[in-house]
Amino acid sequence: MLRTKNYKICIKGVTFRSYAGCKNGKGGKGGKGGKGGLKAKLAKKIPMEREKFLGIRCLHGKKIIGQISVNSVIGGMRGLPLLFCETSSLDKNKGIYYRGKLLKDVCAKLPRVQEGTNEGTPEGCFYLLVSGLMPTKKDAKEITKEWLKRGSVPRYCLRLIDSMDKRVHPMAQLCAASACLNPQSKFVEAYTKGAKRADYWKYTYEDAMNLIAMLPTVAAAIYNNVFKDGEGSRELNDEEDWSGNFCRMLGLPEKDFVDLMRLYMVLHADHESGNVSAHACHLVGTALSDPFLSFSASMCGLAGPLHGLANQEVLVWLTKLRKAIGDDPSDEELKKFIDDTLKGGQVIPGYGHAVLRDTDPRFVLQNEFAMKHCKDDPGVKLVTRMWKIIPEVLKKLNKVANPYPNVDAHSGVLLQHYCLKELNFYTVLFGVSRALGVLSQLIWSRALGAPIERPKSFSSTEICNFIREADKKSGKKNEKKKC
């Protein structure tokens, strides 16, 4: 039992005691950083968050949040309230919140840093996810400057990328490149020297900043090697931001495409901690693997067709549709094609969501961008029309919990419009953006001393024994269906 001092604090109706009074709960004084910089703000905030976190655990650790059913154990733990995430949360009707702010409001309020841009920067988004504070223009600029300083990729990592056969999937290359940056880890260096546990977040922060800074160059090198015979720049331009440098190195420097990338990176940055990529990063991180290895694990999960390949599947389906009935089919032709897809035992890619029960706000934000910049694109026009038609068809089935489009239903046609047509690279884009969220979560996992994950597992025999015992206690008899 953790001991606490005899004074209490109450925030929003939840009472807890000071973290400092809990046995084994003493933290360090925080990290050093530039005056007013992100790390300095974290150094001030983390002790208070530790107090809250450990105080809640001291007083309320045995309170029950939910129940676990047999379906939960054998059904992928879907929806179980088991994880802790400060950076974002998902509401089934309103969509994703970043630090308590609706995503559409985040996109509206993030500072526009580059002259002439209409979108906020991923740098500002990262600042928000890490600090919980909406950045000023100066704050976002400081992150850009930091990433420019840290963005040089070691030669050995680029040599590894150059050595890979073009047949190696771009995501496999990203996983390998991220892992091979492990010798750069400040966390490993500090841990080896006996760093205090309370200081782990400082070195995790340094690794996260360095890795995010290097990702545009790493991803662009993979893209150019696989699709452009190795041509293209690997040099950062100090006059451009993170997205601008990435787009230029991809060979796609058009202003509107850079704005699309800024929006794309913000929309895909974070999505709670229960999805495969976020949970993989957290899980591996709880073993105190460094952020480079943890992010590599995250990307291995993102590469799976049930997680990160969804927008590719949307484009494949759209290509089949356009080949079969053209770019401007009638509503009836569209409905028939949709019906034929469903009758063939397939789902409509890009529609439905594990949690959401309404149109994904990220789809809406992308559509708003499309209406401003490329509303006459045939793919955009089709996606916009199907937003109305597909839900009508799916509702009639009475089997679909959410018949509305998700983020993947729109992103592919926008990338295609701006000539990023290589489908096998799309998940790498997703991975670069998701680094902002999973690494923000990792910083806070170390700051709050998240323990190693070790859930209990059951064999089918043990589950059947449990079912029989439960039936005996309830007085139920089930002779027909024996476990």
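Is I68 buried or exposed? I68 counts as exposed, because its relative accessibility is 60% and the cut-off for exposed is over 50%. Please keep in mind that this is a predicted model. My points follow.

1. The surface patch. I68 sits in the loop between α1 (38-60) and α2 (70-74). I68 also belongs to a nonpolar patch on the surface.

2. A charge over a ring. K456 lies over the face of the F458 ring. The distance from the ring centre is 5.7 Å.

3. Aromatic pairs, and a tilted one. The count of aromatic pairs comes to eleven. Y191 and Y200 have ring centres 6.0 Å apart and planes at 55°, so this pair is tilted. The cut-off matters here: planes have to be over 60 degrees apart to count as edge-to-face. Y191 is partly exposed, at 43% relative accessibility. Y200 is buried, at 10%.

4. An edge-to-face pair. F363 and W387 also form an aromatic pair. Their centres are 4.9 Å apart, with 75° between the planes, and the pair is edge-to-face. F363 lies in helix α16 (residues 361-373) and W387 in helix α17 (residues 378-395), so the pair ties together parts that are 24 residues apart in sequence. F363 is buried, at 0% relative accessibility. W387 is partly exposed, at 26%.

5. A ring cluster. Ring pairs also link F126, W147 and W242 into a cluster. In general, a pair of aromatic rings is described by the distance of the centres and the angle of the planes.

6. Helix α18. This helix is mostly covered: eight of its ten residues are buried. The buried residues are D408, A409, H410, S411, G412, V413, L414 and L415. What do they pack against? Their partners are α11 (255-267), α14 (310-325), α16, α17 and α19. Note that α16 and α17 are also the helices that hold F363 and W387.

7. The backbone just after α18. C419 takes a positive phi of about 75° there, although C419 is not a glycine. Most residues other than glycine have a negative phi. C419 lies in the loop between α18 (408-417) and α19 (426-447). C419 is partly exposed, with a relative accessible area of 48%.

8. Another positive phi. D229 is a residue other than glycine, and its phi is near 55°. Its place is the loop between α9 (200-227) and α10. D229 counts as exposed, because its relative accessible area is 62% and the cut-off is over 50%.

9. C247 in α10. Helix α10 (residues 242-250) holds C247. C247 is buried, at 0% relative accessibility. Which residues does C247 touch, not counting those up to four places away in sequence? They are L252, P253, F257, V258 and M261. G352 is 105 residues from C247 in sequence. In space, C-alpha to C-alpha, C247 and G352 are 31 Å apart.

10. L211 in α9. L211 lies in helix α9 and is buried, at 1% relative accessibility. Not counting residues up to four places away in sequence, L211 touches L181, P291, F292, F295 and L439. L211 and N182 are 29 residues apart in sequence. Their C-alpha atoms are 9.9 Å apart in space.

11. S178 in α7. Helix α7 (residues 170-180) holds S178. Is S178 buried or exposed? S178 counts as buried, because its relative accessibility is 0% and the cut-off for buried is under 20%. Leaving aside neighbours within four places in sequence, S178 is in contact with F292, F295 and S296. F292 and F295 are also among the residues that L211 touches.

Terms used
Residues numbered from 1 in each chain as written. Predicted model: local features only at pLDDT ≥ 70, side-chain atom pairs only at ≥ 80, totals over all residues. Heavy atoms only, no water. Phe/Tyr/Trp six-rings, centres within 6.5 Å; stacked < 30°, edge-to-face > 60°. Buried < 20%, exposed > 50% of the residue type's maximum accessible area, 1.4 Å probe, protein only. Helix = DSSP H or I, 4+ residues; strand = E, 2+ residues; numbered from the N terminus. Lys NZ or Arg CZ within 6 Å of the ring centre and 35° of its normal. Patch = residues over 30% accessible without salt bridge, like charges linked within 9 Å, V, L, I, M, F, W, Y side chains within 5 Å. Areas by Shrake-Rupley, 256 points an atom, 1.4 Å probe, with all protein chains shown as cover. Salt bridge = Lys/Arg side-chain N within 4 Å of Asp/Glu carboxyl O. Contact = heavy atoms within 4.5 Å.
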